[in-house]
Every structure is written in structure tokens, then in C-alpha cells.
Amino acid sequence: MDSAEYERRIAARFATFDQDGNGYISREDFSTAAAALCAEFDATARSEKGQALYIGAEAFWQGMAGIADRDGDQRITRDEFVGGAVKRLRDNPERFAEIARPFLHAAIGVAGAGTDGTVAPAEAGRALKALGVPEDVATAVADALDADGDGRVSEQEVVTAFAQYFTVPE
Ligand code: CA
Ligand code: CA
């Protein structure tokens, strides 16, 4: 991958986290993401599933801040993201999966997980769109999420795909 392509991918990842688009990643971006998912799937923030999602979003933020917010100002700048998060997540994708898992678990719940804890690819696509991913990309990613082709997306498939997406190779 050339450096322009690498920069483009990093910018896309940063933009995914910077949900409110104000140029840095903060706690508000995570609660914004939780609110967007609740709205998309008609869950209230006070419902059991909604609460789990907000708790997962806060844990995700705390984990990301612990990795990347080097100056401790409760904001992850683009530089902190590139220098801290991207490098450390690449070195340790399991750690990233661990940080993101409670949020992803709760997101699957809000998106209508069956009793087996899986969702249909179409629901995964709706979730991605609600988080600002363009429709064509969201649909392609959601279909690819069903790695074993059984027509359902499991939590493990989501966690693995998420970690792969954010651990950008140099
Ligand atoms: Ca932001
Ligand atoms: Ca900072």
C-alpha cells in the first residue's frame, strides 16, 4: 500500500469514530453513535438494550482514551489517533476486540439479535448506515460480515471484522 492510500484509509477510520465531525474523538462521539443506533432500531436510551448500548459505548470510549489520549485532555486528535490508536491496535488486535466487544454485543442486541445472539446481514447493514457508512459500502460490508455464509452474522464475526477494519496495515 502506498502512503497516500494508507493516509486515505486512516482518514476514513478517524471519520468513523468522529461521529459528530468536529475534528477530534471524544466521549460524545460514542454516545452519538449509541443514540444513532437506538434511533435506527426504535430502542429508547432507557430500555434495557439501550442502556447496555450506552454502557458499552462508554467502555469503548474509556478503552480508546486509555490507548490514544496521550495528553489526557479527553480528546483524541488525529495525531493521537495515528500515533497511538492505529499503531497499538495493529500491534494488538485482540486488545481492540476486547475494548469494542461490549459495545458491539449491545449493538447486535439493539439491532434485533435472535435468541442465538446473531443478526441478519441486512440488520448489520442498517446499523452501519446509521453510523454514517455510505449505503453501498454498508451493504457490501454487511454481506462480507457473514463470513461462514449461513445467512446470520454472529458477534464473533462482527468483532473480528471490526478489529480487521481498524488494524490498518502499513
Ligand atoms: Ca468528535
Ligand atoms: Ca488528547
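Let's start with a pair of helices: α3 (residues 48–68) and α5 (residues 93–110) pack at an angle of about 160°, and their axes are 8 Å apart. Because angles over 145 degrees count as roughly antiparallel, that makes α3 roughly antiparallel to α5. Keep in mind as you look around that this is a predicted model.

How do α3 and α5 cross, left-handed or right-handed? Their crossing is left-handed. If you want to see who does the touching, look on the α3 side for K49, G50, A52, L53, G56, A57, A59, F60, G63, M64 and I67. On the α5 side, the partners are R95, F96, I99, A100, P102, F103, A106, A107, G109 and V110. Sort the residues of this contact by class and you get 15 nonpolar, four polar and two charged.

Now bring in another helix, α2, which covers residues 27–40. With α3, it packs at an angle of about 155°, the axes being 9 Å apart. These two helices are therefore roughly antiparallel to each other. This time the crossing is right-handed. From α2, the residues R27, F30, S31, A34, A35, L37 and C38 take part in the contact. They meet G50, L53, Y54, A57, E58, F60, W61, Q62 and M64 of α3. The class count for α2 with α3 comes to 11 nonpolar, three polar and two charged residues.

What about α2 and α5? Their axes come within 9 Å and cross at roughly 20°. Since angles under 35 degrees count as roughly parallel, that makes α2 roughly parallel to α5. The crossing of α2 and α5 is right-handed. Here A33, L37 and C38 of α2 meet F103, A107 and V110 of α5. Which classes of residue make up the contact of α2 with α5? It has six nonpolar residues, with no polar and no charged ones.

A few residues turn up more than once on this walk. L37 and C38 of α2 touch α3, and L37 and C38 also touch α5. Likewise, F103, A107 and V110 of α5 are part of the contact with α3 and of the contact with α2.

Let's move on to the largest pocket, which has a volume of about 860 Å³. Its lining is made of 35 residues, and those nearest the centre are L128, V141, F162, Y165 and F166. Which helices each supply at least two residues of the lining? They are α1 (3–17), α2, α5, α6 (121–130), α7 (135–145) and α8 (155–166). The largest share, eight residues, comes from α8. By class, the lining of this pocket divides into 29 nonpolar, four polar and two charged residues.

Terms used
Residues are numbered from 1 along each chain as its sequence is written. Chains are lettered from A and ligands numbered from 1 in the order in which they are written. This is a predicted model: local features need pLDDT of at least 70, side-chain atom pairs count only at pLDDT 80 or more; totals for chains, interfaces and linings use all residues. Side-chain values use heavy atoms; hydrogens and water are left out. Axes are lines fitted to C-alpha atoms, for helices over the stretch in contact, and angles run from 0 to 180 degrees between N-to-C directions. Helices (H or I, at least four residues) and strands (E, at least two) are DSSP runs, numbered from the N terminus. Angles under 35 degrees count as roughly parallel, over 145 as roughly antiparallel, 65 to 115 as roughly perpendicular and the rest as oblique. A crossing is left-handed if the near helix is turned anticlockwise from the far one by less than a right angle, and right-handed if clockwise. Contact means heavy atoms within 4.5 Å. Ala, Val, Leu, Ile, Met, Phe, Trp, Tyr, Cys and Pro count as nonpolar, Asp, Glu, Lys and Arg as charged, and the others, Gly among them, as polar. On a 1 Å grid over the protein atoms alone, a cavity is a set of points where a 1.4 Å probe fits but cannot get out, and a pocket is an open set with protein on both sides within 12 Å along at least five of seven lines; lining residues have an atom within 4 Å of a point. Grid points are joined across faces, edges and corners, and a volume is the space filled by probe spheres set on the points.
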